Amino acid sequence: MIRPLALVWMGIVIGVSFLATPVKFTADSLTRPVALDVGRATFHALAYLEWVLAGLLAVLIWRTATHQQSIGRRALTAAAVVAVAVVVQSAWLQPELDERVASIIAGIEPPPSHLHTVYGIVEVTKGVALGLLAAWADPQP
């Protein structure tokens, strides 16, 4: 069950972060503050879902381990990378980006920042780790 979870999660990341989010900024009728506000709401919902998925992943790994099987060191490393990415995004990047969005919505343009780039790098890393987790998740007796 680890492989399907990792693949579904990877699909969600690709769909939200790399398809829906960039596309919304191409809509002529959507102003930048509104698009940012929608993005903020979207990524808060995604973060909540990812915490649920991370909990489910932990339960599946634990269940696999309690049945005298191992998913392997590589798969555990990939799962750990995913978990760290979720924590970094939720605890550091998302609150910082929320402040920037609130400023823009209030009509104040904050100074340039690399936070979106860092978020994107973490998102790509998480997506790759989920793909690797799916590839390496075969239980081994």
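Which residues in helix 2 meet which residues in helix 4? Phe43, Leu46, Glu50 and Leu57 in helix 2 meet Tyr119, Glu123, Lys126 and Leu133 in helix 4, where contact means heavy atoms within 4.5 Å.

## Basis of the model

This is a predicted model, in which local features need pLDDT of at least 70 and side-chain atom pairs count only at pLDDT 80 or more, while totals for chains, interfaces and linings use all residues. Residues are numbered from 1 along each chain as its sequence is written, and side-chain values use heavy atoms, with hydrogens and water left out.

## Overall architecture

The protein has 4 helices and 0 strands, and its elements run α-α-α-α from the N terminus on. Helices (H or I, at least four residues) and strands (E, at least two) are DSSP runs, numbered from the N terminus. Along the principal axes, the C-alpha atoms fill a box of roughly 60 × 25 × 20 Å.

Of the 141 residues, 35% are buried, that is, under 20% relative accessible area with a 1.4 Å probe and protein chains only. The accessible surface comes to about 8200 Å², and 70% of this surface belongs to carbon and sulfur atoms; areas come from the Shrake-Rupley method with a 1.4 Å probe. Among contacts between residues at least 6 apart in sequence, 81% join residues at least 24 apart.

## Helix 2 against helix 4

Helix 2 (residues 32-66) packs with helix 4 (residues 115-136) at an angle of about 30°, and their axes lie 15 Å apart. Axes are lines fitted to C-alpha atoms, for helices over the stretch in contact, and angles run from 0 to 180 degrees between N-to-C directions. The two helices are therefore roughly parallel to each other (angles under 35 degrees; over 145 counts as roughly antiparallel). By class, the contact of helix 2 with helix 4 has 5 nonpolar, no polar and 3 charged residues. Ala, Val, Leu, Ile, Met, Phe, Trp, Tyr, Cys and Pro count as nonpolar, Asp, Glu, Lys and Arg as charged, and the others, Gly among them, as polar.

## Helix 1 against helix 2

Helix 1 and helix 2 pack at an angle of about 170°, with 10 Å between their axes. These helices are therefore roughly antiparallel to each other. Their contact has 17 nonpolar, 5 polar and 2 charged residues by class.

## Gly15

Gly15 is located in helix 1 (residues 2-24). With a relative accessible area of 25%, Gly15 is partly exposed, a class that lies between buried and exposed (over 50%). The C-alpha atoms of Gly15 and Gln94 are separated by 18 Å, and these residues are 79 residues apart along the chain.

Methods: Parallel < 35°, antiparallel > 145°, perpendicular 65-115°, else oblique.
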